[in-house]
Amino acid sequence: MNQSSEDLADAGVENERLRIAAIRFLNPAPLMWDFEHQPHQSELAAKYSLELMMPSACAERLALPFDHPQAADIGLVPVAALATTPGLKIIPGCVIASKRKVRSILLVHRASLALSEIKTVTADTSSRSSLAYTQILFQRRWNAEAIFLPHHPDLDSMLEAADAAMLIGDPALFALEERQNRQERTGESLIYHDIAEEWIALTGLPWVAAVWAIREESLEASNRPLEEIAKDFTASRDRGLANIETLVEEWSARLPLPANTIRTYLTSNIFYNLDEECLAGLAKFYELAAETGILPAYKL
């Protein structure tokens, strides 16, 4: 059967659009503003196709062969992926980072157990970077012999299976909100360690979780300068940060979290500008991850 000229035109537009793999968590909400809100949504839809997924899946899509039907050209990737996926370039400007408590990456254990006594950790592996940060902290500060076990993000069952649990993203935020309720329900006293806060205490540098990255071959095929692509993403971030109250309203309807928790998280816990301090924190992450054998050596 012959394709119509309209079908061919549609296929041409699809082939010209850069495929984006983005994160299905609260923390990148300001970065996604223009991709999800008019008047710029339609303009960007002509240049990009967007799919939402877990952080680890973003990295997996960028690691697929370039011509694979599920491959992505651009992804909001956990920073560990840059060390394990050749041919990626950071799109300058945007970041998911923290310069204080982040609240959404937690290590939780029973108060009766010291950090040095933790031998097993059940871990939500939806972000390899969060896992790597936690492993570095165990290697450098707590117990280098601790074993990490993959587990779905449910705090009760995680603590039944191991000495400690590592929660990532929205499940970590839920766990903090339910902290008092859980103690009243179980009578069990838990300690909640904020991994960003622990990283900052270890290094004196920001905790950096994810960046926008693009395949070098996709950048070349697009015939678009990296600076032009970066401008689309930083403009989206800036408008998102200017519309925090709208985001709070939208996400309050999606998540069982108080509006003020969402507001504080987006304005105080997460930092969105890939500045020199964040780049230094990222370089330290790669240095320590390589020294401890958690990731292969990688230079920014």
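How many disulfides does a search of the whole structure find? I get zero. I keep in mind that this is a predicted model.

**Cysteines**

A disulfide needs the two sulfur atoms within 2.5 Å. I then looked up C278. Its sulfur also has its closest cysteine sulfur in C94, 12 Å away, so again too far for a bond. Buried or exposed? I checked C58 and found a relative accessible area of 0%, so C58 is buried. C278 is buried as well, with a relative accessible area of 0%.

**Nonpolar cores**

Next I looked up the largest nonpolar core. It holds 91 residues. I74, W212, F233 and F285 touch the most other members. Strand β11, residues 207-215, gives this core its largest share, eight residues. Apart from this core I found another, of twelve residues, including L106, L155, A172 and L190.

Leaving out residues up to four places away in sequence, F233 touches I20, F35, Y48, I74, I91, C94 and W212.

**Two helices**

How do α10 and α15 pack? I read an angle of about 85 degrees between helix α10 (residues 195-203) and helix α15 (residues 276-291). Their axes lie 12 Å apart. The two helices are therefore roughly perpendicular to each other. From α10, the contact uses W199, L202 and T203. From α15, it uses G281, K284, F285 and L288. I sorted the residues of this contact: four are nonpolar, two polar and one charged. F285 is also one of the residues that touch the most other members of the largest core.

Conventions. Residues are numbered from 1 along each chain as its sequence is written. This is a predicted model: local features need pLDDT of at least 70, side-chain atom pairs count only at pLDDT 80 or more; totals for chains, interfaces and linings use all residues. Side-chain values use heavy atoms; hydrogens and water are left out. A nonpolar core is a set of buried Ala, Val, Leu, Ile, Met, Phe, Trp, Tyr and Cys residues joined through side-chain atoms within 4.5 Å. Buried means under 20% relative accessible area, exposed over 50%, partly exposed in between (1.4 Å probe, protein chains only). Helices (H or I, at least four residues) and strands (E, at least two) are DSSP runs, numbered from the N terminus. Contact means heavy atoms within 4.5 Å. Axes are lines fitted to C-alpha atoms, for helices over the stretch in contact, and angles run from 0 to 180 degrees between N-to-C directions. Angles under 35 degrees count as roughly parallel, over 145 as roughly antiparallel, 65 to 115 as roughly perpendicular and the rest as oblique. Ala, Val, Leu, Ile, Met, Phe, Trp, Tyr, Cys and Pro count as nonpolar, Asp, Glu, Lys and Arg as charged, and the others, Gly among them, as polar.
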